[in-house]
Amino acid sequence: MNAATLALVLQGLTALVAAAPQVEALVKQVKDLISALFTAKQITKAQQDAMMAQVDAIVALSQAGIVPSHWAVQPDPQ
Amino acid sequence: MAVVAVVASLVVVGCSSTKLESGGAYAPVDVSGNAIVKPDPAFYVIDAAYAVAYATVDGVFKFEQDNRLFLWQVSPNFKQALDKIRPEAVKVRDDYARCRLAYKANPVPANLTQLQTALARVQQLTATAAALLPTATTKTGN
C-alpha cells in the first residue's frame, strides 16, 4: 500500500475533524473509517462492493449533470 | 509537521496488514477466482475518504436548506457563506468524478495522483463548509 497516499488521505480526514469537531456524524464516520483501516485484518468483499456502489452513485449524479436542490444557490428568504 | 510524521508512521505500521478480500470491487477476480487486476487498497481508501467528505458537505447543505427560514432569522450569514461554496462544491464533485473515471479506465500512478489531488480539494471544501455550522454550547450549571 502506498504510504504517502494514505498519509495524505488521513491528513485530510484529520483536518476535517479539526475544522468541525461539533459535527458528531462526521467525527464518527472518520473514526470508523480510520478504525477499519487500522484494526481490520481485511476489508471484506461486501464492504468493498458497498463502497464502490456508493461512490459510483455519486459519480453517476455528476455524469448526468444532476445538482441536488440543496447544492444549488437559491433565492434568499424574504 | 509532527502530526504528519505520526500519521505517516501509523499508515506504514497500521495499514500494511490490512488486506482487501479477494473478489471485492477493489480486488476483482474472474470466474476461476484468479485476480483480474492487482488489489487496489489505495483506491479503496481514497474512495472511502471521499464518501465521508461528500456525506458531510451534503449534510451541511441539507441542514441549511431544511432549516433555512429559522437560520435566516438567526443570521443570514450562514446561507450567504454556503452560497459562496455551493458552486465550488459542484465543481469539485465533478472533478472527482472525472478523475475517478479516468483512474478506473487506466489505473496508473499518475491517474491515482490526480484522484488524490481531487480528493484533497473536496476535503478542503468540506472542512470549510462544516466549519460554518453553528456551534452548540452546553452550560454545565457549575
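1. Helices (H or I, at least four residues) and strands (E, at least two) are DSSP runs, numbered from the N terminus. On that basis chain A reads α-α-β-α along its sequence, with three helices and one strand. Chain B has five helices and one strand, in the order α-β-α-α-α-α.

2. Some conventions. Residues are numbered from 1 along each chain as its sequence is written, and chains are lettered from A and ligands numbered from 1 in the order in which they are written. This is a predicted model, in which local features need pLDDT of at least 70 and side-chain atom pairs count only at pLDDT 80 or more, while totals for chains, interfaces and linings use all residues.

3. Confidence. The model scores ipTM 0.81 and pTM 0.80. pLDDT is the predictor's confidence in each residue, from 0 to 100. Chain B averages 83 on that scale, and 82% of its residues score at least 70. Among the elements of chain B, H4(B) has the highest mean pLDDT, 96. Helix H1 of chain B (residues 2–14) has the lowest, 40.

4. Two stretches of chain B call for caution. Over residues 1–14 of chain B the pLDDT stays under 50. The model has 15 contacts beyond four places in sequence for that stretch. Two residues are in contact if their C-beta atoms, placed from the backbone, lie within 7 Å. Residues 136–142 of chain B are also below 50 in pLDDT, with one contact in the model beyond near neighbours in sequence. Where pLDDT is low, the predicted coordinates should not be read in detail.

5. Burial. A residue is buried if 20 or more other C-beta atoms lie within 10 Å of its own, exposed if 12 or fewer, and partly exposed in between; C-beta atoms are placed from the backbone. Buried residues make up 29% of the 78 residues in chain A. In chain B, 34% of the 142 residues count as buried. Of the chain B contacts with a separation of 6 or more, 50% come from residues 24 or more positions apart.

6. The core. A nonpolar core is a set of buried Ala, Val, Leu, Ile, Met, Phe, Trp, Tyr and Cys residues joined through C-beta atoms within 7 Å. The largest one has 46 residues. Those with the most contacts inside it are Val9(A), Val45(B), Ile46(B), Ala49(B) and Leu119(B). The elements giving two or more residues to this core are helices H1 (3–19), H2 (24–39) and H3 (45–63) of chain A, with helices H2 (41–66), H4 (77–105) and H5 (109–131) of chain B. H2(B) gives the most, with 13 residues. Leaving aside neighbours within four places in sequence, Val45(B) is in contact with Leu6(A), Val9(A) and Leu37(A).

7. H4(B). This helix has 29 residues and reaches 42 Å from its first C-alpha to its last. That is close to the 42 Å expected, where the expected span is 1.5 Å times one less than the number of residues. A kink of about 30° lies at Ile85(B), shortly before the proline Pro87(B). The bend at a residue is the angle between axes fitted to the seven residues ending there and the seven starting there. Buried positions in H4(B) include Leu82(B), Ile85(B), Ala89(B), Val92(B) and Tyr96(B). Arg86(B), Arg93(B) and Arg100(B) are also among the buried residues of this helix. The buried residues of H4(B) pack against H3 of chain A, together with H2 and H5 of chain B.

8. H3(A). Its 19 residues should span 27 Å at 1.5 Å a residue, and the end C-alpha atoms are 26 Å apart, which agrees. Gln48(A), Met51(A), Val55(A) and Val59(A) are buried in H3(A). They lie on the same side of H3(A), because they cover an arc of only 70° around the axis. The arc is that of the directions from the helix axis to the C-beta atoms. An α-helix has 3.6 residues a turn, so residues three or four places apart point the same way. On the other side of H3(A), Ala46(A), Ala53(A), Ala57(A) and Ala60(A) are exposed. The buried residues of H3(A) pack against strand E1 (42–43) of chain A, and against strand E1 (19–20), H2 and H4 of chain B.

9. After H3(A). Gly65(A), just after this helix, takes a positive phi of about 70°. Ser69(A) lies in the segment after H3 of chain A. Ser69(A) is exposed, because it has 9 other C-beta atoms within 10 Å.

10. Thr14(A). This residue is found in helix H1 of chain A. Thr14(A) counts as partly exposed, because it has 17 C-beta neighbours inside 10 Å.
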